[in-house]
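Here is a quick tour of a structure you can turn around on your screen while you read.

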Amino acid sequence: MGAPGNMSRTVYSEGGYQYFSEFEPNDPEQTHAYDDPHGNEYPRGQEEIKEGCPRAIMAKNATYKLVYRPEGVSELYDLAADKREMNNVYNQAKYQNVRKEMQMDLLKFMIRTADVTPVLEDPRGLPPSPHWTSKNMY
């Protein structure tokens, strides 16, 4: 995966919600993000309650972290200068080349790892789920 310090040593992640019905503000395991004004996750939790949690993909290497949201606020952090990720430099001209390079890297990652959508529906149907049914997905 490349030598230490090599930009190709990157961690990827994706998450967020596509549909509002997926959002779980009353999940007992998540309430700390919404009801503790002194918690680190509180500002983001309040944002999610109002606006939802848009789909996002993240790339992080030793120097930078990019969180790209096609709908919502994207984030770029210079980890060498801002280890706590407090200063979003996504829209700063100084970081334009870094942002473009990391966005292209994300696109390559998605293309390499994306599933191919089946043409036919699986005759076995969906596996059972305690949370989701076809009625509440949309």
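A salt bridge here is a side-chain nitrogen of Lys or Arg within 4 Å of a carboxyl oxygen of Asp or Glu. Keep that in mind for Glu75 and Arg69, which form a salt bridge with their closest N and O atoms 2.6 Å apart.

First, some housekeeping. This is a predicted model, where local features need pLDDT of at least 70, side-chain atom pairs count only at pLDDT 80 or more, and totals for chains, interfaces and linings use all residues. Residues are numbered from 1 along each chain as its sequence is written, and side-chain values use heavy atoms, with hydrogens and water left out.

**The overall layout**

The protein chain has three helices and four strands, and along the sequence they come in the pattern β-α-α-β-β-β-α. Helices (H or I, at least four residues) and strands (E, at least two) are DSSP runs, numbered from the N terminus. Of the 138 residues, 25% count as buried. Buried means under 20% relative accessible area, exposed means over 50%, and partly exposed is in between (1.4 Å probe, protein chains only).

**The sheet**

The four strands make an open sheet in the order E1-E2-E3-E4, with antiparallel pairing. Strand E1 (11-15) and strand E4 (75-78) are the edges, each pairing on one side only. On average, neighbouring strands of this sheet are turned by 10° against each other, direction ignored; axes for such angles are lines fitted to C-alpha atoms, for helices over the stretch in contact, and angles run from 0 to 180 degrees between N-to-C directions.

Two strands count as paired if DSSP finds at least two bridges between them. Strand E2 (residues 56-60) and strand E3 (residues 64-68) pair in the antiparallel sense over four bridges, and Lys60 stands opposite Lys65 in E3. E3 and E4 also pair in the antiparallel sense over four bridges, with Val67 opposite Glu75 in E4. The hairpin of E3 and E4 has six residues between the strands, and Gly72 there takes a positive phi near 125°.

In a regular strand the side chains alternate between the two faces of the sheet. What about the two faces of E4, then? Both are covered: Glu75 and Tyr77 on one side, and Leu76 and Asp78 on the other, are all buried.

**The charged pairs**

Side chains of opposite charge can pair when their charged atoms come close. How many salt bridges does the structure hold? There are three, laid out here:

| Salt bridge | Closest N to O distance |
|---|---|
| Arg55 and Glu14 | 3.4 Å |
| Arg69 and Glu75 | 2.6 Å |

Take Arg55 and Glu14. Arg55 sits in the loop between helix H2 (42-51) and E2 while Glu14 is in strand E1, so the pair ties together parts that are 41 residues apart in sequence. Arg55 is partly exposed at 33% relative accessibility, and Glu14 is partly exposed at 45%.

Lys65 counts as buried because its relative accessible area is 18%, whereas Glu85 is partly exposed at 22%.

That leaves Arg69 and Glu75, both buried. Arg69 lies in the loop between E3 and E4, with a relative accessible area of 11%. A polar contact of 2.6 Å joins its side chain to that of Glu75. Such a contact is a pair of N or O atoms within 3.5 Å; within protein, one must be able to donate a hydrogen and the other to accept it, and residues adjacent in sequence count only if both atoms are side-chain atoms. A polar atom of the Arg69 side chain also lies 2.5 Å from the backbone oxygen of Val73.

**Along helix H3**

Over in helix H3 (residues 96-113) you will find Met104, which is partly exposed with a relative accessible area of 43%. Thr113 belongs to helix H3 as well and is partly exposed at 42%. A polar atom of the Thr113 side chain lies 2.8 Å from the backbone oxygen of Phe109.
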